[in-house]
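Trainee: I would like a close look at one part of this model. Please take me through it step by step.

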2 protein chains.
Amino acid sequence: MRSRKRSDGPSQPPGDGETVEAEPDGGRDWRKRRTRRALINAALALLEGERSFSSLSLREVARGARITPAAFYRHFSGMEELGHALIEDSFESLHEMMRKARAGGLPSTRMIRASVKVFLDHVGAHRAHFSFIAKERFSGSTVIRVAIRKEVRLWVGELAVDLSRFPALGKFSAEDLQMLAGLMVNVVVAASELVLDTPPKDKEALTRIYRHAEKQMRLVMLGAGAWDSSRSSG
Amino acid sequence: MRSRKRSDGPSQPPGDGETVEAEPDGGRDWRKRRTRRALINAALALLEGERSFSSLSLREVARGARITPAAFYRHFSGMEELGHALIEDSFESLHEMMRKARAGGLPSTRMIRASVKVFLDHVGAHRAHFSFIAKERFSGSTVIRVAIRKEVRLWVGELAVDLSRFPALGKFSAEDLQMLAGLMVNVVVAASELVLDTPPKDKEALTRIYRHAEKQMRLVMLGAGAWDSSRSSG
DNA sequence: AAAAGCGGTAAACAAGTGTTGACTGACATG
DNA sequence: CATGTCAGTCAACACTTGTTTACCGCTTTT
């Protein structure tokens, strides 16, 4: 049915539904991908405010992309399919973030704490995508929720692998490594959600959130240093 | 038609058979409170599934309460006011639980960990309420989000006060106590959200979540034991 | 017993919704 | 050049939505 297109990278500023950057060859399929992206951006723009995806109407999104509602169906069978495209688009941003965080080399106390800043900066720079994820994490349809959950679990798993190469964590069992990674991800996710609920220009509140999260991360690592998996009998 | 308990009351105080207020006298204001509650319950029932509050329609809720849409306005000025009533109702059960958790006496390592179970049990027993809170925490309108945030912050503050009476935490500054309390609340909130996304009969998955959260809480307390606020330059 | 208060119904309103069908015109292919 | 493909418009369909108006009947009060 729908062959995978060229990986249309997520655009950054979905301010208006029709700004798209790609190599313009003016062709027909190029034009189609162009308005497809306009639809995604229009949805993200609407979602950046208070609206939730389930409250978005098909006509509204089409309007934001300067398209008639009937033309919407040339790209998606309905809103649900648009939702999937939004997930794909947003997770591309999430994966980029994960790649960025792991690029620092072997894990170390300093690097882990630095990652907090990298994550939160990335979230702040891609508000629309992460705002969508944060909202739909618990509020969306089941398929969307499980997709998001899968990605978070994957993220935790990768972090656990990274942590296993951290010599100071020798006393951790495999399960406890997952537990630790989950705790760390929790800290970052919670801080991300605070960042999303803070106006970007309120630098003071943002640095307060950053410092808060970094402290929490440090405390968690302190606890990890004192942990002994052999004592973890339920 | 999903009826909650036999009693329409949101939460009956642990008092014994002594009924002090709201005895069914069939009077007019009693009848009014009765349908008001029917509206709240109808909304909660709709919210218990995949729906989000913002996607709920006034007529839909009225229909669920077997009421004409016009009669809805006899109780609430609109959906937003219903939202506030839902928050009030939901946090009433939360406060009830917090009272229960603090009644155990002075905080101790054992009690803190036991509180995890108490809390998660409570969440599981009041799915509709906490499902609403979890969904609207990031997805709702600003006023609702702010209201929820205020309650959570209040909760963190109370926990920080309790922790300050914990002799082992002498090295914590006031700010760091908030940080620690925030971290602990994060652990419980994250676990709660997992509980809400798990079918109640899947006991195995639930106990896994419980154990996970308890471990995380223990690790946090381990970290707190090694914390030194004087080192928190930042 | 009469009057007032008030929770409820029924009907109507404009406005917005998802979806369909017929049509159009620029592009791609023969 | 001719032709078919197809992203797009336009109009109409049968809804559902929030809100207002008038009215009814039971409680409460006078």
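Which helices of chain A and chain B each supply at least two residues of the surface near DNA strand D?

Mentor: Keep in mind that this model is predicted. From chain A they are helix H1 (28–48) and H3. From chain B they are helix H2 (58–64) and H3.

Now the residues. DNA strand D is surrounded by 20 residues. The closest are A:Thr68, A:Arg74, A:His75, B:Leu58 and B:Arg59. Of the atoms of DNA strand D that come within 4 Å of the protein, 54% belong to sugar and phosphate.

Sort the surface by class. Near DNA strand D there are eight charged, seven nonpolar and five polar residues.

Next, the atom pairs. Start with B:Arg59. An N or O atom in the B:Arg59 side chain is 2.4 Å from a base nitrogen of DNA strand D. For B:Arg63, the distance from a side-chain N or O atom to a phosphate oxygen of DNA strand D is 2.7 Å. For A:Thr35, the distance from a side-chain N or O atom to a phosphate oxygen of DNA strand D is 3.3 Å.

A polar side-chain atom of A:Arg59 lies 2.4 Å from a base nitrogen of DNA strand C. A:Tyr73 has a polar side-chain atom 2.7 Å from a phosphate oxygen of DNA strand C.

Methods. Residues numbered from 1 in each chain as written. Chains lettered and ligands numbered in written order. Predicted model: local features only at pLDDT ≥ 70, side-chain atom pairs only at ≥ 80, totals over all residues. Heavy atoms only, no water. Polar contact = N/O pair within 3.5 Å; in protein donor to acceptor, adjacent residues only side chain to side chain. Near = heavy atom within 4 Å. Helix = DSSP H or I, 4+ residues; strand = E, 2+ residues; numbered from the N terminus. Nonpolar A, V, L, I, M, F, W, Y, C, P; charged D, E, K, R; others polar.
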